[in-house]
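Please keep the sequence and the structure in view while reading.

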Amino acid sequence: MKKKIVKLGWIGSGFVGQVAHLNSFCSLKNVEIVGLAELRPKLGKIACEKFRIPQFYENYEDLLYENKIDAVVTIVNRKHTASLAEKILKKGFNLFTEKPMAATYLQGKKLYNIAKRKKCTYTVGNMRIHDEGLQLGKYYFDKFLSNKKLGKIIYFRAFCFAGGDYCNVDGYSSTNESRPDNQLLPIAPNWVPKKQQKDFEKFLNYFIHDINFIQYFFKKPQNIKSVNFKKNAGNIIFDYKDFYGNFEFGYIDQNKWIEGLEIYFEKGKISIELPPAFLKNQTAKVKIYEENSQFENVSPKTDFSWSFKRQAKSFVETISKGKTNLVSAKKSLEDLQLIEKIWKKVV
């Protein structure tokens with residue numbers, strides 16, 4: 001049976017748009033990108049030629065008006081994401097955007113409500129959750145919760161120390177055109193003091209992935225026990241009634257990226273070590289320790305895969321087969337809500 005071709009309209013062709021998203025979506029056999037809109041004409045035309053996209057548009061509205069498309073992929077400056085998403089959703093198009101979906105919970109809630117009213121599929125690019133190794137870790141986590149082989153959860157430690165994660169990735173074209181960088185909407189909630197708003201924006205952009213996979217594993221915490229925050233590092237203690245969880249974070253001036261999750265049970269442990277985001281075809285490494293096992297550690301293996309490409313495939317399947325997506329707008333809105341709860345303790 002021949003696969004249905006999913007027709008996409010594309011907006012934005014910057015660095016991440018090219019190396020992570022266009023590269024991934026164009027590798028899928030059942031995807032056709034019918035046109036690309038970009039405010040930088042030279043760059044947009046180069047991207048069209050490079051990725052064999054038939055039509056270039058300087059105005060995204062012309063792209064949407066002139067083509068019959070199944071969904072829109074919008075990879076633009078995060079300052080513009082929510083504003084553009086609102087316009088596209090109001091027109092009734094299914095939509096994929098980069099993370100975060102918006103700069104504030106109120107902005108995100110507005111987008112979610114529009115998508116719900118228009119009955120649009122709206123997905124946000126938290127690609128970490130599509131990592132095959134992370135999903136394997138979740139499989140074993142659920143298994144041990146069910147069979148109680150490792151006893152109860154007593155603690156978890158999530159961590160992200162953000163340095164360089166581009167990994168000398170290639171395949172990017174650039175021009176001397178200025179990158180659109182004007183601010184269209186507030187970058188933080190109005191209750192965040194002005195001097196801390198850029199810190200809020202930075203935390204949101206860097207660590208939304210971690211909040212997303214923490215809630216993927218453990219759902220919503222009962223309470224935020226404490227938040228310790230300095231300019232370049234900090235930690236958050238989540239209260240889950242029967243156990244605590246700790247998220248440690250920091251910004252490091254190193255050409256490396258340190259991120260992962262450790263889950264401690266009464267009789268064992270699951271460790272998940274995530275690779276840098278732009279390291280292609282490397283998945284998270286999973287290690288399992290069981291107290292009564294003859295082996296001290298077991299390391300289940302995954303195939304070579306890349307979370308960006310798996311994310312693209314998942315979105316296309318959501319559109320073509322009506323599957324539930326792991327990073328729906330609803331889930332992303334819950335992540336925004338939790339981040340704002342954290343920051344209410346910071347300020």
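## Cysteines, rings and a pocket

The number of disulfides in this structure comes to 0. The model is a predicted one. A disulfide is a covalent bond between the sulfur atoms of two cysteines. Cys167 takes part in no disulfide, for the nearest cysteine sulfur, which belongs to Cys160, is 13 Å away. To count as a disulfide, two cysteine sulfur atoms must lie within 2.5 Å.

Are the side chains discussed here buried or exposed, or do they fall in between? Residues under 20% relative accessible area count as buried, those over 50% as exposed, and those in between as partly exposed.

| Residue | Relative accessibility | Class |
|---|---|---|
| Cys120 | 12% | buried |
| Cys167 | 34% | partly exposed |

### Aromatic rings

How many aromatic pairs does the structure hold? The count is 38 aromatic pairs. A pair of aromatic rings is described by the distance of the centres and the angle of the planes. In the pair formed by Tyr140 and Phe144, the ring centres are 6.4 Å apart and the planes stand at 35 degrees, so this pair is tilted. Both residues belong to helix α6, which covers residues 132-147. Tyr140 and Phe144 are 4 residues apart there, about one turn of the helix.

These two residues are also part of a cluster linked by ring pairs. Its members are Tyr139, Tyr140, Phe141, Phe144, Phe156, Tyr216, Phe217, Phe218, Tyr240, Phe243 and Phe265.

Lys202 lies over the faces of two tyrosine rings. Its distance from the ring centre is 6.0 Å for Tyr206 and 4.0 Å for Tyr251.

### The largest pocket

Rolling a probe the size of a water molecule over the atoms shows where empty space is left. The largest pocket holds about 1,300 Å³ of space. It is lined by 46 residues, and those closest to its centre are Val16, Val76, Asn77, Arg78 and Arg179. Three helices, α1 (15-25), α4 (78-90) and α7 (197-218), each give two or more residues to this lining. Which element gives the most to the lining? That element is α4, with 6 residues. Sorted by class, the lining of the largest pocket comprises 19 nonpolar, 13 polar and 14 charged residues.

Terms used. Residues numbered from 1 in each chain as written. Predicted model: local features only at pLDDT ≥ 70, side-chain atom pairs only at ≥ 80, totals over all residues. Heavy atoms only, no water. 1 Å grid on protein atoms, 1.4 Å probe; cavity = no way out; pocket = protein on both sides within 12 Å on 5 of 7 lines; lining within 4 Å. Points joined across faces, edges and corners; volume = space filled by probe spheres on them. Nonpolar A, V, L, I, M, F, W, Y, C, P; charged D, E, K, R; others polar. Phe/Tyr/Trp six-rings, centres within 6.5 Å; stacked < 30°, edge-to-face > 60°. Lys NZ or Arg CZ within 6 Å of the ring centre and 35° of its normal. Buried < 20%, exposed > 50% of the residue type's maximum accessible area, 1.4 Å probe, protein only.
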